[in-house]
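This report concerns a helix pair and a pocket in a protein model. Please examine the sequence and the structure shown here.

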Amino acid sequence: MAKNNFSFRARLKSFHYAFSGLKTAWQEEHNFRVHCIAAIIAIILSFVLHISTHEWIAVLFSIGFVFVCELLNTALENIADFICPEDNPNIKKIKDVAAAAVMISSITALLIGLLIFIPKLISLALR
């Protein structure tokens with residue numbers, strides 16, 4: 001096996017590919033854009049409500065969890081469509097399971113957001 005030397009140029013190129021993937025997801029996936037809007041709202045609320053460091057960790061991990069699931073779901077759907085463009089019950093199962101992962105991550109993020117933001121919003125409203 002050949003030894004690969006560290007290449008700063010190769011590292012930059014890998015970031016280019018990653019950002020290209022984000023751009024594709026933004027342009028082609030409606031749900032990705034919805035998750036981006038939700039993330040922006042959560043981040044703005046976090047600043048406005050002065051959440052704690054531990055709450056920030058929970059919010060940021062929740063956002064990341066949803067994005068990772070959404071991007072993996074998108075990649076899986078694209079691979080499945082490439083391999084088998086026609087309707088196929090096995091491909092449907094694969095896509096459904098991947099979509100379920102996104103749904104579970106989204107619900108988890110929503111519950112974490114509610115646990116963090118609702119008490120702070122109630123406290124703010126009662127002032």
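Which residues lie nearest the centre of the largest pocket?

## Basis of the model

The model is predicted, with local features requiring pLDDT of at least 70 and side-chain atom pairs pLDDT 80 or more, whereas totals for chains, interfaces and linings use all residues. Residues are numbered from 1 along each chain as its sequence is written, and side-chain values use heavy atoms, without hydrogens or water.

## The largest pocket

A38, A39, A42, A109 and L110 lie nearest the centre, among 19 lining residues. A pocket is an open set of 1 Å grid points where a 1.4 Å probe fits, with protein on both sides within 12 Å along at least five of seven lines; lining residues have an atom within 4 Å of a point. Its volume, the space filled by probe spheres set on the points, is about 390 Å³.

Helices α2, α3 (53-83) and α4 each supply at least two lining residues; helices here are DSSP runs (H or I) of at least four residues. The largest contribution, eight residues, comes from α4. By class, the lining comprises 15 nonpolar, four polar and no charged residues (Ala, Val, Leu, Ile, Met, Phe, Trp, Tyr, Cys and Pro count as nonpolar; Asp, Glu, Lys and Arg as charged; the others, Gly among them, as polar).

## Packing of α2 against α4

The axes of α2 (residues 30-48) and α4 (residues 89-125) come within 11 Å and cross at roughly 25°; axes are lines fitted to C-alpha atoms over the stretch in contact, and angles run from 0 to 180 degrees between N-to-C directions. The two helices are therefore roughly parallel (angles under 35 degrees).

In this pair, H35, A42, L45 and S46 of α2 meet V102, S106, F117 and L121 of α4, contact being heavy atoms within 4.5 Å. The contact has five nonpolar, three polar and no charged residues.

Key. Parallel < 35°, antiparallel > 145°, perpendicular 65-115°, else oblique.
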